[in-house]
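These are my notebook entries on what I looked up in one structure.

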Amino acid sequence: MNSLKSFLKRDGWMLFIFIGLLAFPFIVATLTGSSPTGVPRGDRMIMRGESVRWQAVLIEVFILSLLAMSYNLLFGFTGVVSFGHALFFGLSGYIFGILLEYTALDTGLATGLGIVLGIAASGLLGLGIGLATLRLKGVYFAIFTLALAEMAYIFFSRLQLTKAEDGFAIGELPVWLDPTQSRLTFYYITLAVFVVGFLLLRRLMASPTGAVFKAIRENEDRAQSIGFNTLRFKLLSLVIAGMMAGAAGILQVMLNKKVGPEMLGLTYTIDPLLMTIIGGTGTLLGPVIGAAGLHLLDVGLRDQVIALGGASIRIADVWGLILGAIFILVVMVFPYGIVGTYQRWRLKRQHRGDPASAATSRAARRQSG
Amino acid sequence: MNDSAPVLAIENIHTFIGQFHILEGASVAVQQGGITVLLGRNGAGKTTTLKSVMGITPPSQGSIHFRGEPLAGKPSNVIAQMGIGYVPEHRAIFRELTVKENLQIAERKRGDLARRGDLIFDLFPDLKRLYGLPGGNLSGGQQQMLAMARALVPENHLLLIDEPSEGLAPVIIEQLMRAITRLTDHASVLLVEQNFRVASRLANDYVIVDEGQSVASGLIANLVNDDALIQRYLGVA
Amino acid sequence: MLSKSLGGKRGSLVAILAIYIGLLLVAYLNSPNLGNFGITVLSGLFQGMLLFLVAAAMSIVFGLMDVLNLAQGAIFMIGAYVAYDAQHPGGVIDLTAVVPNNDVRFIVALALGFGAGALLGFILERVFLRPLYVRPIFQLVLTFGVSLILIELAQIVWGTTPNSWVEMFGVRENFFVLFGQRFSTYRLFVVGFGFVLIIVIGLLLKRTRLGIIIRAGVEDREMVQSLGINVKAVFTLVFTLGCAVAALGGAVAAPFLGAAPSLANTYLLTAIAAVVLGGMGSYYGTAIASLLVGLAVAVAQDATIGTSLGVLPSITPLLLLILVLLVRPSGLFGSSR
């Protein structure tokens, strides 16, 4: 009973948001008078109405959050810069898609196998890249991943088998999973994957392993000299991040029912990086807030047109520039992002209001000196 | 300038490196034309004192005055330009640069090296022979000479010399000591030296640093006879 | 230790020489005649020189400042756009009325490209990188972001479709005939210009005070600063010059490659391949590796013309980069660190 109370006090607001997300399709349906499951036509469902439209938006937020969280595990928690995160995202997407479209397997079996193989391949890819380059200085890892992702992008853009740059559509998914048939189910599935991913990451970062990740970020040489095999921990971080990004890639393919080389493109590396930095590098919630904020902004502004002097500019045309400007601004002015800045502000306020804590910190300093 | 005013006056400085409070109130004075030696155990804060003067690890409290001017807030290149030469420990010469280039880079005005060439080669005749070789090819003693010569290229009023005798053969140390004694014609010296025998022969004044604080100071001649003080802070009899 | 490092260098030289000879042999065997072989080699040297202009500063800046400037490719692209714009009528800076002579206007275009690079480099270092030296991981990320912004900006100002060069000028139109083949004088001119630049920058590093400071700074920045040298100012100067040279590279390349957004990432990745292959921070290593990568791309282009392997030339530098990182990440001339 007591533990429930402390849980509610600590995490109650998260539970509140979770319940909100669970009820979200129905709330939108009630508010707009639309159906949360779409409109039936014959024996098929047509995805029409505000509720299913907003479900799709949130599904994308969950997927991007997953991708950004996985990026943050590497960049924010372990201090490893990757410029090829799209590799994991796209590779598992392609594996999943190829199993569904290019093998004679039964749809259900192909889906299951695709999920397992796609995620496993992403993890293995992370292991391979890590073994090859994580021993080196950080820049080498960054450029290795950049080059590898670019190569994968060029390769799949030219590969006739997978319809080159057009990509290929997924004809059939199990009906209960298919977002064009059962979007509500798919909404809850992505929500579940996202929540599980978040909780796992939270568990991981609260564990001793997570503490080593952070120690590596702060000073790898010191972590090494204390006696940790830092390479092994960085590999672990990379493998987990790879698998999470891989899972996000598979969900993306399910949502769009399409696989294409754009999944391997720079966008899916830049976006999670941006979301992480804006939300708060090295914080648990930061990437989620970054992903939600940026994607909702994108959805909301995409079709807006602003008049500037005589010319009218579609936001979608300058979206990249806006993102870039936000990015630079955050790096220069708010390097801790939204969540990080808030945490520091709260910490400072607590300290200011409490003269005793200032004295303790002085005493602690004297001891360490 | 007043004759009795010290060239360098460090007053009660506190210096942090990261979260570590390294100096917790150190005061040191160097007299015009004199050699002051910083003594103390490993990790007492001697090197940090020199780095605080240079502005490499600027102090957060206290003051440092050089020839009457405060150094607070100045970057290390500006401090150097005021006339302070730094000879760091482990002979931080540029290994890929030739001896000549190692000296050239220290020029502050065109022709510094030409003006000081005679003095440098007089003090360290070996360097003339090694002029075209990369610094990395020099022996430990030669590198130490090069590091000191480098600090002599511009007209410095004060030299900060960190552990010059470390890891060198006695013959070489003897040569370096002669050179340092002769340096005082040109500049005052703040010296960090672990070798008490060397320190006591070179210096006029001493300051003992212990756990980040200056705990004793005075004429070195008085310290030599104060066995209790030596035993307590330096652990040598 | 000395002899060992010399031995290592000698091994690298032998390896490089072997690769060069191998590449030339492939090119030769692939050519129906000497003229064709000559064209492949000239094309390789031309591309190698362009790469060198992007890669040289990248390598020096990395050695000195520990910053890998990922915006270098985008600055090359900006150089190309500025030169294109200045040379052609109807652009943002329309010079056709002011400088009607095409030849003179091209020289002005080159100067403008150089100036644009210098300006961008100065702003990038002074405003954006300087506060971030305490957080190097953010510097890397920031240069990447600046690169994206420059590409976006170029697309907004000059459109997303590639512009091909039409306004000719003297040396661009001239050809000379050798072994029964027509060679572009302009390419030869660029290759010669590149060689001169390799030597000039080499001398600058070897002989001038700035060069000594740069080489010393690569070893120990703190000591250089303690000698009374304003290292921050040196950083700004070196970075500015580096970006200016990269933009000049883009301007010089524009009459052949045109101006397109894709130049940025292509040249960034190819230059990185050259920088890593040469050994990060090694100047002559970068020069040799740039020419090697250029030659490799040209040979791949020649070998795959009219085949289904058309993708090979564009992934050749990436393959080289990945291979070097796997086998010898310190590069051919770098110290292993």
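Entry one, a helix pair. In chain C I looked up helix H2 (residues 34-65) and helix H8 (residues 209-219), which pack at an angle of about 55° with their axes 7 Å apart; the axes are lines fitted to C-alpha atoms over the stretch in contact, and angles run from 0 to 180 degrees between N-to-C directions. That angle makes H2(C) oblique to H8(C), a word kept for what is left after under 35 degrees (roughly parallel), over 145 (roughly antiparallel) and 65 to 115 (roughly perpendicular). Helices here are DSSP runs of H or I with at least four residues, strands are runs of E with at least two, and both are numbered from the N terminus.

I noted that Ile60(C), Gly63(C) and Leu64(C) in H2(C) meet Ile214(C), Gly217(C) and Val218(C) in H8(C), where contact means C-beta atoms, placed from the backbone, within 7 Å.

The model is predicted, so I kept in mind that local features need pLDDT of at least 70 and side-chain atom pairs 80 or more, while totals for chains, interfaces and linings use all residues. Residues are numbered from 1 along each chain as its sequence is written, and chains are lettered from A and ligands numbered from 1 in the order in which they are written.

Entry two, chains C and A. I found that the contact takes 28 residues from chain C and 28 residues from chain A. On the side of chain C that touches chain A, H5(C) gives the most, with twelve residues.

I recorded ten helices and ten strands in chain B, and its C-alpha trace spans about 45 × 40 × 40 Å along its principal axes.
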